[in-house]
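Please keep the sequence and the coordinates at hand while reading.

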Amino acid sequence: MLRQTLRPLFHGEVSLCFGSTSFSRQCIRHFNVKPAKESIKPFSKQPVKVSTKPFTKQPTHRVRHPLNHKNDTTQRSKNYKKTNTTFQLAPGNVFSTFRKRASALATIPHIRTKVEQLGISKEMLKPIANGFYRDLIAGKVEGCDKDTLLSVNGLAGDRRIMDSYLYTRFLEYAEPHLPKEITSKLTSLKKITDLRFPHEWYPEARRMQRKIHLHVGPTNSGKTYSALKRLTEAKSGIYCGPLRLLAHEIFERMNNNGIACNLVTGEEKRIISEDATLTSSTVEMVELNRDLEVAVVDEIQMMGDRTRGWAWTQALLGLRAQEIHLCGEESVVPLIKQICEAIDDEVTVHRYKRLTPLSISEKSLGGNYENVKKGDCVVTFARKDIFEVKRAIERETGLRCAVVYGALPPESRALQAKAFNDAASNFDVLVASDAVGMGLNLNIKRIVFESVQKYDGKSFTFIHPPHLKQIAGRAGRFGTTYAQGEVTTFEQDDLSYVFEAMDTPTLFLKTAGIHPTLDIIEMFSAQMPDAPFSSVLQTFEDMATVSGKYFLCNYGDSKALAQSMDHLDMSVRDRYQFVSAPTPLRDTACLQAIIEMATLYSENKDIDLKKLVKLPAAKESVTKTKLDQLESCHKIIMIYKWLSMRFPDNFGTSAEEAGELKEQCELLIDEALKKVHFRPRMKRASYGQHKKTKTV
Ligand SMILES: Nc1ncnc2c1ncn2[C@@H]1O[C@H](COP(=O)(O)OP(=O)(O)OP(=O)(O)O)[C@@H](O)[C@H]1O
């Protein structure tokens, strides 16, 4: 039963393939968990006034998207058995909603706009849309019969996905009814958006007979170690990692071992020597125009990532290396084999076993922070909870906590990790978000899941088993203080989920992400000269055809960013760079900063980092708001550095000055983390009180 309820959450892969009937069955997988009542957690042992009323729905998480201004209010549930229901329409409703959307097709504003941008006028649209609806009801439109619609993943949950699917089917239907100039335009757009053969984008790599070594195994099994060992022996080579932090680590490790290694990340280039044998880079910056002896691509399973997957696929298909060592999870083996078979590259799979034992404890912390011990890493998935948990642990146990979370700059994360690892420091416990799962070597004895749910931007969903395994695997890392690791949960209720997830068989990745190249986007855009760039990206997504092994990475944030820059005067090439900059759109300060940078650039003015970033002065007591500001400042500095690598003429602040400001900001963040004065958001009752209230 439990396995059955969890099954929908276990699929990691996403496919977005519109525009071709044969691929119409593959769409975005879209899973939600229904909002449920909030649980009250034991942050305090002191008496807290508890209402005797039954629980009422209370928003715990309100996210305001800076661009679409949609509020999303969702709650977290502690009881996954009750709430692990996917948000889907009943089959009958899917079909009737779909029919309703089809009947109103000619009046849906965003569809009308898109159609007009292709040259189909309102007058032309109406009769064709009417015919489309009539034939759809009669079951004559390909891909729109009831059985097909019900089998398309994602159509049951999201109206935008339905519209997108409908729009693509409509264009196919409309073609014979359109004037010749529009059909020939559609034909050329379709040609450009035909992404079915991404391996053909790299002819130089195809001319080589490459050997692919696939190193797979659980975390802490030594797979990266083996691949890197081979890299150190190579006369020329590259390391491609998922994080700036990892690229830096390999860069330093190689140079410390006397092997000249350059560093290339999106934000910086450190050329130790033009003759350096090795390069350490982030995977998006992979070098594809040089012949190499060895390439190492880390965390290859990220080729299934919805937004960044394309970078791993590009590295796999495009690297001109005699030997490519891919490190990752067992889940990628069949897909890599299929892709490599198609391009005639030889694959050897090397399997690894965990180097140290890892056990799941039968006992949780019983909802009591007093049971936290030195060497524990308490994992909570919401950043807002991190400081609450830290405070509760410090108060209940007297132990000191370091913190690691995604919004912290990698440099600050590394400093916190260092403090936690250092036996001489007075940090005993680590409180972390899932950012702890990758890139840090930590002396963790036990992983404690404070929660097993994560907010995904829409609702709270249960952590996917592979993700949970990766985090759990951080305990008892080989070569650290603790020779064996342990995993448990804060609440007893969550423990069974951990057992289930750790026991989940490998879920194989079915598709790898791809992205069109900038040249393809430029060509496509030239066909739609009057359309704003955000619409160009949307139409591209709507029309793209990919083959069964691939999916089109999602342009979500880029489209939103493009929309806020549509009014600026810039070439497509420049625009594409601006919308590709790593900008966290939820951070309003970052969003404002990049729009300001783009505006100044479009006016051909100089862009001065010191005018964009004003670091707050260090103070005795630091509020969480101040910490947020510092984190935003750091992100803006990184966006600036990223753009200045691409537009050195307009981004006048030198790399050294930007680097100094970045370091100052990191120091302030480090200080702030020590002093942060945190006021709890709301009173929480103890676990016992929570249970008592439930029975009233
Ligand atoms: N043969 C070895 N000799 C010495 N140290 C090793 C050996 N194999 C692995 N290690 C060390 O063990 C730790 C884990 O190895 P590694 O990072 O290669 O594991 P992994 O399987 O890639 O894990 P993850 O996916 O978690 O990064 C590293 O600190 C690594 O240096």
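Domain bounds are taken here from an automatic or database domain assignment, and on that basis the shell around the ligand draws at least three residues from each of domain 2 (199-351) and domain 3 (358-506). The model is a predicted one, in which local features need pLDDT of at least 70 and side-chain atom pairs count only at pLDDT 80 or more, while totals for chains, interfaces and linings use all residues. Residues are numbered from 1 along each chain as its sequence is written.

**Overall make-up**

- The protein has 26 helices and 22 strands, where helices (H or I, at least four residues) and strands (E, at least two) are DSSP runs numbered from the N terminus.
- Of the 696 residues in the protein, 45% are buried; a residue is buried if 20 or more other C-beta atoms lie within 10 Å of its own, exposed if 12 or fewer, and partly exposed in between, with C-beta atoms placed from the backbone.
- Among contacts between residues at least 6 apart in sequence, 77% join residues at least 24 apart, a contact being two residues whose C-beta atoms, placed from the backbone, lie within 7 Å.

**The shell around the ligand**

- There are 15 residues around the ligand, and those that come nearest are Thr219, Gly222, Thr224, Tyr225 and Phe478; a residue is near a molecule or strand if its C-beta atom, placed from the backbone, lies within 6 Å of it.
- The residues of this shell divide into 4 nonpolar, 9 polar and 2 charged, with Ala, Val, Leu, Ile, Met, Phe, Trp, Tyr, Cys and Pro counted as nonpolar, Asp, Glu, Lys and Arg as charged, and the others, Gly among them, as polar.
- Helix α10 (residues 223-233) gives the most to the shell, with 3 residues.

- In α10, the residues Lys223, Thr224, Ala227 and Leu231 are buried, and seen down the helix axis they fall within an arc of 90°, so they line one face of the helix; the arc is that of the directions from the helix axis to the C-beta atoms.
- An α-helix has 3.6 residues a turn, so residues three or four places apart point the same way.
- The face of α10 turned away from its buried side carries Lys229 and Glu233, which are exposed.
- The buried residues of α10 pack against the strands β3 (211-216), β4 (237-241), β7 (278-282), β8 and β9.
- Asn220 lies in the loop between β3 and α10, counts as buried because it has 23 C-beta neighbours inside 10 Å, and has a phi near 60°, a positive value in a residue other than glycine.

**The eight-stranded sheet**

- An open sheet is formed by 8 strands in the order β6-β5-β7-β4-β8-β9-β3-β10, with mixed pairing; two strands pair if DSSP finds at least two bridges between them.
- The edge strands, each of which pairs on one side only, are β6 (269-270) and β10 (346-351).
- In β7, 5 of its 5 residues are buried; Leu278, Ser280 and Thr282 point one way from the strand, whereas Thr279 and Ser281 point the other way.
- In a regular strand the side chains alternate between the two faces of the sheet.
- Strands β4 and β7 pair in the parallel sense over 5 bridges, and Gly241 stands opposite Thr282 in β7.
- Strand β5 (residues 261-264) runs parallel to β7 and is joined to it by 4 bridges, with Asn262 standing opposite Thr279 in β7.
- Strands β8 (residues 292-297) and β9 (residues 321-328) also pair in the parallel sense, over 5 bridges, and the bridge partner of Ala295 in β9 is Ile324.

**Single residues elsewhere**

- Leu358 lies in strand β11 (residues 358-360) and is buried, with 21 other C-beta atoms within 10 Å.
- Leaving aside its neighbours within four places in sequence, Leu358 is in contact with Ala472, Gly473, Ala475, Gly476, Gly485 and Val487; Leu358 and Ala475 are 117 residues apart in sequence and 7.3 Å apart in space, C-alpha to C-alpha.
- Arg134 is found in helix α5 (residues 122-137) and is partly exposed, with 13 other C-beta atoms within 10 Å.
- Asn604, in the loop between α22 (588-602) and α23 (609-612), is exposed, with 9 other C-beta atoms within 10 Å, and has a positive phi of about 55° although it is not a glycine.
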